[in-house]
Amino acid sequence: MEDEILSFWGPVTSSTDWCEPNYVYSSYIAEFFNTIGNIPGILLALIGLVNALRQRFEKRFSILHLSNIILAMGGMLFHATLQRLQQQGDETPMVWEMLLYIYILYSPDWHYRSTMPTFLFLYGAIFAVVHSQIRFGIGFKVHYAVLCLLCIPRMYKYYIYTEDISAKRLAKLYVITLLLASICWLCDRVYCKEISGWYVNPQGHALWHVLMGFNSYYANTFLMFCRAQQRQWNPKVKHLMGLFPYVKIEKPKIQ
């Protein structure tokens with residue numbers, strides 16, 4: 001009853017309420033730390049988007065960075081409101097983003113160019129419609145995990161065929177951040193009762209968002225490097241302010 005009185009958005013209608021007390025810092029934000037944990041992902045995606053546009057990478061990478069921004073904004077809205085509609089606005093872009101990764105990873109060797117984007121588009125559209133009517137619960141998590149697993153063989157192939165040490169480091173950072181984020185997510189879910197009794201809550205799900213923001217950025221940068229190699233654009237990994245890696249390319253003048 002107290003939550004209903006103090007909350008701007010009303011009672012929780014989402015299928016998941018994470019291990020963070022609701023409406024502690026603001027009546028407009030249900031889960032404060034889980035909400036702001038998406039901000040680094042937005043800023044990193046903006047860095048990647050500016051680089052992709054400035055150097056005229058293929059449009060697929062601009063769309064990929066935009067999808068990261070949309071996903072992070074959807075996560076912010078979901079955790080700020082804990083409403084069913086906003087949860088769908090968070091989960092549906094997660095699936096769309098993975099379909100886009102699958103396209104970027106596998107399309108260079110796909111002989112029938114129109115079939116893959118057509119199938120992935122229809123798949124994403126059908127999922128969005130079905131998801132708007134049905135709550136998947138654990139089914140959504142399994143579905144999302146399967147889409148992620150489909151990307152791993154191709155990412156590994158790109159890694160073993162990449163000789164550049166800096167690019168390999170990006171792939172390693174991608175794996176490390178993914179593992180750390182997964183540990184934070186699992187601990188937040190499995191040990192919530194114990195964690196809630198601690199003097200300081202480590203905010204495992206908020207850390208998941210922060211780490212996944214970096215994870216997506218490292219993945220995108222690594223894929224941009226690999227694609228630039230395929231196009232013979234002489235890619236090199238540089239660092240913005242000495243911290244944030246990005247890909248610098250030199251396109252042949254005839255292009």
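User: Where does Leu-82 lie?

Analyst: First, keep in mind that this is a predicted model. Leu-82 lies in the loop between α4 (59–81) and α5 (84–106).

User: What makes the backbone of Leu-82 worth a remark, given that it is not a glycine?

Analyst: Its phi is positive, about 55°. Most residues other than glycine have a negative phi. Gln-203 is another case, with a positive phi of about 55° and no glycine either. Gln-203 lies in the loop between α9 (192–196) and α10 (204–230).

User: Why is Leu-82 called buried?

Analyst: Buried means under 20% relative accessible area. Leu-82 has 0%, so it is buried. Gln-203 comes out at 12%, which is also under the cut-off, so it counts as buried too.

User: Let's move to the rings. How many aromatic pairs are there?

Analyst: The count comes to 14 aromatic pairs. One of them is Phe-8 with Trp-9, at 5.0 Å centre to centre and 90° between the planes.

User: Are Phe-127 and Phe-136 buried or partly exposed?

Analyst: One of each. Phe-127 is at 9% relative accessibility, under the 20% limit, so it counts as buried. Phe-136 has 31%, which falls between 20% and 50%, so it is partly exposed. Trp-9 is partly exposed as well, because its value is 36%.

User: How do you know that the charged end of Arg-189 sits over the ring of Trp-18?

Analyst: The charged end of Arg-189 is 4.6 Å from the centre of the Trp-18 ring. The distance limit is 6 Å, and the charge must also be within 35 degrees of the ring normal. Lys-251 does the like with Trp-233, its charged end sitting over the ring at 4.5 Å from the centre.

User: What does the side chain of His-79 make a polar contact with?

Analyst: With the side chain of Glu-31, at 2.7 Å. The limit for a pair of N or O atoms is 3.5 Å, so that distance passes. His-79 is in helix α4. At 1% relative accessibility, His-79 is under 20% and so counts as buried. Setting aside residues up to four places away in sequence, His-79 touches several others, among them Trp-18, Glu-31, His-205 and His-209.

User: Which residues does Thr-92 touch, apart from those up to four places away?

Analyst: Thr-92 touches Phe-127, Ala-128 and His-131. Thr-92 lies in helix α5, and its 9% relative accessibility is under 20%, so it counts as buried.

User: How far apart are Tyr-101 and Asn-220 in sequence and in space?

Analyst: They are 119 residues apart in sequence and 9.0 Å apart in space, C-alpha to C-alpha. Tyr-101 lies in helix α5, and with 8% relative accessible area it is buried. Asn-220 is one of the contacts of Tyr-101 beyond four places in sequence, and others include Leu-64, Cys-151 and Leu-223.

User: Last one: why is the chain called as compact as a globular protein of its length?

Analyst: The chain has 10 helices and 2 strands. Its radius of gyration is 19 Å, close to the 18 Å that the globule rule gives for 255 residues, so it is as compact as a globular protein of that length. Along its principal axes the C-alpha trace spans about 65 × 40 × 30 Å. Of the 255 residues, 47% count as buried.

Methods:
Residues numbered from 1 in each chain as written. Predicted model: local features only at pLDDT ≥ 70, side-chain atom pairs only at ≥ 80, totals over all residues. Heavy atoms only, no water. Phe/Tyr/Trp six-rings, centres within 6.5 Å; stacked < 30°, edge-to-face > 60°. Buried < 20%, exposed > 50% of the residue type's maximum accessible area, 1.4 Å probe, protein only. Helix = DSSP H or I, 4+ residues; strand = E, 2+ residues; numbered from the N terminus. Rg over C-alpha atoms; globule rule 2.2 N^0.38 Å. Polar contact = N/O pair within 3.5 Å; in protein donor to acceptor, adjacent residues only side chain to side chain. Contact = heavy atoms within 4.5 Å.
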